[in-house]
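Please keep the sequence and the picture in view as you follow it.

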Amino acid sequence: MTLSVLPNIALAYRTDNSNYNVKLYSATGNGATDDRTAIQNAINASQPSGGQIYFPKGTYRFASAITFPSNTVLVFEKGAVLVPDSGITITVNGSVDAGLYQIFTSLSGKGDVKGKMQAVNIYPQWWGADGTDSSDDTTAIKKAIASQTGGGTIYFPTGTYIVSSALNVSGLDRLNLIGAGVDLTVIKSTSATADVFYTAPGQSQRWQRFKDFTVDSAVAKTAGAHFNFLGNQYRTTIDNVKLQNWHKGIVFASYEMCWITKPNITSPSVGADAAIQAGIQATAAQGANLYITEGFLRGTDGTDGVSPTSTALGNYGVKIYDADAVMMSNMDIGGFIKNDLLIDPNARASNHYFDSVWFDATRDDAPVRIQGTGIKTEITFANSWIASAGKLDGGNPLASNLVISGSGGYRAVEFTGNRIFNSSGIGIKIDASSGFPGLFTGNIIQNNGTAGISGENYGMKIATPLNTPSVSVFNSTFLENNGDDIYITADARNYSIQNVSLTGSITNLGVAKRISGVVSDISNVIASNTNLNIPPFGEFYSITGTTTIGGIAATWPGHTITLKFNNALTVVDDSQNLRLAGNLTTSANTTLTLICDGAEWIEVSRSSN
């Protein structure tokens with residue numbers, strides 16, 4: 001059915017035998033007399049073929065329940081209203097033909113109208129919604145939502161609909177709430193603490209859809225969410241919805257195969273929590289397969305971009321707690337106080353995938369932070385931008401772009417083809433207490449540490465503890481970072497750095513520490529020289545030629561190397577910075593193992609083979 005706006009619907013009333021005017025069956029429409037029997041007689045007369053049940057202007061009281069069959073069409077003249085007594089349900093399984101005017105009561109203390117209405121669209125105006133931004137439409141909208149026990153579409157024509165308490169959509173499968181378009185249809189809350197839409201814990205709902213409208217608040221929000229799905233959501237879609245003045249934007253506590261497409265979530269209330277939250281902190285993952293695509297999230301006032309003069313209002317862009325399989329693509333997220341993305345499980349966060357996402361600008365902390373006591377596994381970032389930590393107004397000069405921390409274990413976490421750029425502090429900071437066996441491949445780490453604070457200005461800092469697994473970095477480019485391109489703390493072990501391009505240096509500090517698995521694209525075959533220069537990234541070097549060696553350029557404390565000689569030559573003890581067990585005269589396949597203390601090389605062992 002399409003909307004029929006009929007100022008005098010009697011003009012459309014048919015005169016053949018398929019029309020049943022309820023007043024011809026003794027309905028009074030005076031609001032006092034029980035018209036249920038008269039209207040049931042009209043229904044009975046329409047059967048078995050069905051037909052139009054026509055209600056002229058009037059108030060029709062029902063003192064007991066009634067059902068309109070699926071082969072009936074309820075036709076309402078403007079001014080005709082059905083009013084069930086308290087506790088009474090009118091069940092409408094047929095079609096409804098009415099304009100944008102009230103046809104069902106929304107008075108307190110009255111019954112409900114429900115059923116599998118066959119109209120293409122159901123309108124909140126049928127329960128008395130005004131939509132003019134001048135009166136409270138809460139009750140009318142609640143009645144419209146509650147009517148859809150069999151699924152259906154509630155269409156909100158252009159207008160602003162005021163709601164003063166939460167709208168419960170729990171347990172309503174195949175419910176569609178559709179507006180005329182973003183900024184054309186506005187649902188406006190007047191409560192500082194109430195949710196706008198919610199589902200209750202323990203309730204399950206399937207195939208719900210929310211599309212083409214704006215949710216706003218007339219007051220600063222200090223609690224609640226615009227969409228607070230605390231129940232079990234299956235195949236829920238939020239599509240092309242704009243949220244403003246929120247404390248929390250969208251919360252999916254428990255979900256399976258749900259979608260958030262084209263979200264526009266901006267202009268939070270001061271101190272707002274998160275634009276989107278997936279899962280809750282719990283003893284197990286609370287959801288699987290949440291797709292978030294083609295959206296725009298801002299912790300600022302909603303301007304197109306963020307700049308050093310932007311004022312952050314909201315704390316988090318996206319928070320993922322104990323949840324599985326958040327798939328995010330083609331998103332622009334930025335301008336938050338703490339994190340554009342926070343992954344923080346108590347038990348487990350796994351199978352998350354972020355592709356072509358712009359995490360840009362924070363005030364106090366990292367655009368992307370991964371932490372928590374739970375397991376973090378199978379998490380991939382690809383082709384994304386992670387940038388501008390601490391760059392908003394009043395920003396923290398120590399803020400890093402990407403922080404990987406927490407006591408929970410990590411497995412199969414990968415960053416591929418990303419750009420980590422322009423942080424005030426460290427570009428990538430890895431200090432997970434249980435280690436981080438993650439993989440960085442094909443990334444560009446550029447222009448980090450711009451605040452220039454010593455010890456907080458590296459491109460990457462690897463600070464995994466002793467005897468824990470550590471990171472692998474392959475085929476990546478480090479350039480224009482304020483401090484070292486890669487800084488490795490004394491206890492870090494088991495990392496691998498291969499085929500990286502540097503404009504700065506790799507530095508490892510500490511006493512009697514070792515670097516393992518470090519490979520550069522520089523050849524390990526070196527010609528002998530009076531003062532030998534070796535690439536500072538490896539452990540084994542093949543020495544050619546016969547020139548006497550008196551010294552080796554120092555690298556860092558704990559760097560252990562083995563030299564294999566191909567020819568006869570002499571390595572001189574105490575000539576420059578070599579502290580040996582006497583001079584070494586080599587032949588083919590002689591080896592010499594040395595350890596550096598930061599200035600000198602000390603012999604560990606030698607062999608003649």
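This is a predicted model: local features need pLDDT of at least 70, side-chain atom pairs count only at pLDDT 80 or more; totals for chains, interfaces and linings use all residues.

Q: Which strands pair with β3?
A: Strands (E, at least two residues) are DSSP runs numbered from the N terminus, as are helices (H or I, at least four residues), and two strands pair if DSSP finds at least two bridges between them. Here, strand β1 (residues 19-21) runs parallel to β3 and is joined to it by three bridges, with Tyr 20 having Ile 53 in β3 as its bridge partner. β3 also pairs with strand β6 (residues 72-76), in the parallel sense over five bridges, and there Phe 55 stands opposite Phe 76.

Q: Is strand β3 mostly covered or exposed?
A: Buried means under 20% relative accessible area, exposed means over 50%, and partly exposed lies in between (1.4 Å probe, protein chains only). In strand β3 (residues 51-55), five of the five residues are buried, and the strand is mostly covered.

Q: What is the strand order in the open sheet of three strands?
A: The order is β2-β4-β7, with parallel pairing. Because β2 (30-34) and β7 (80-84) stand at the edges with a single partner strand each, one side of each is left without a neighbour in the sheet. Strand β4 (residues 58-62) pairs with β7 over five bridges, and Tyr 60 has Leu 82 as its bridge partner in β7.

Q: Where does UniProt place the domain?
A: UniProt positions follow the numbering used here, feature names are shortened, and annotations may be inferred rather than shown by experiment. The unreviewed UniProt entry places "domain: Rhamnogalacturonase A/B/Epimerase-like pectate lyase" at residues 21-75 and 128-218. Residues 21-75 are 20% helix and 42% strand, with end C-alpha atoms 9 Å apart, whereas residues 128-218 are 10% helix and 46% strand, with end C-alpha atoms 21 Å apart.

Q: Which residues touch the most other members of the largest nonpolar core?
A: A nonpolar core is a set of buried Ala, Val, Leu, Ile, Met, Phe, Trp, Tyr and Cys residues joined through side-chain atoms within 4.5 Å. In the largest one, of 113 residues, they are Phe 55, Phe 197, Phe 227 and Phe 440. A second, separate core of 19 residues includes Phe 565 and Trp 601.

Methods. Residues are numbered from 1 along each chain as its sequence is written. Side-chain values use heavy atoms; hydrogens and water are left out.
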